[in-house]
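Here is a structure, followed by questions about the labels given to it. Each reply sets a value against its cut-off.

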Amino acid sequence: MKIAILIGIGFVALLHIYFLWFEMFSWTVRGPKIFRSFPKDMFEPTKAMAANQGLYNGFLAAGLIWTYFIENPVWYKNIALFFLGCVAVAGIYGALSVARKIFFVQALPALITIGLLLFF
């Protein structure tokens, strides 16, 4: 089960590295293709805001990657639960405020990995 937890943490971290890249470096190019309901003329004016969001996603990824280097099992579990919890809350909020699919892309992988951490 340890391997499944490591894969789950890695998957969530990779997602947030992608979100960092997308929001910081590709917002005006790929954004209109992904967020079709968002007015196209708003991507350029919101570029700085998206980059800020991308930076936060990078911090989440960094925290999850950090867990791979923690040797103490109690600290490993607590740090992993903290960052996965942050991801889950952000994903749930995004699903309620922006689009339901955010739950499945962001929150669900974090919640599954939290479940694995808590029950195995």
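**Labels and their cut-offs**

Q: Why is Phe104 called exposed?
A: Phe104 has 53% relative accessibility. Exposed means over 50% relative accessible area, buried under 20%, and partly exposed in between (1.4 Å probe, protein chains only), so Phe104 counts as exposed.

Q: What does Phe103 count as?
A: The relative accessibility of Phe103 is 25%, so Phe103 counts as partly exposed.

Q: What kind of model is this, and how are residues numbered?
A: The model is predicted: local features need pLDDT of at least 70 and side-chain atom pairs count only at pLDDT 80 or more, while totals for chains, interfaces and linings use all residues. Residues are numbered from 1 along each chain as its sequence is written, and side-chain values use heavy atoms, with hydrogens and water left out.

Q: How many aromatic pairs does a search of the whole structure find?
A: The search finds 12 aromatic pairs.

Q: What makes the pair of Phe103 and Phe104 edge-to-face?
A: Rings of Phe, Tyr and Trp (its six-membered ring) pair if their centres lie within 6.5 Å, and planes under 30 degrees apart count as stacked, over 60 as edge-to-face and the rest as tilted. The ring centres of Phe103 and Phe104 are 5.3 Å apart and the planes are at 90°, so this pair is edge-to-face.

Q: Which residues do ring pairs link into a cluster?
A: The cluster joins Tyr18, Phe19, Trp21, Phe22, Trp27, Phe35, Phe38 and Phe43.

Q: How much of the protein chain counts as buried?
A: Of its 120 residues, 38% count as buried.
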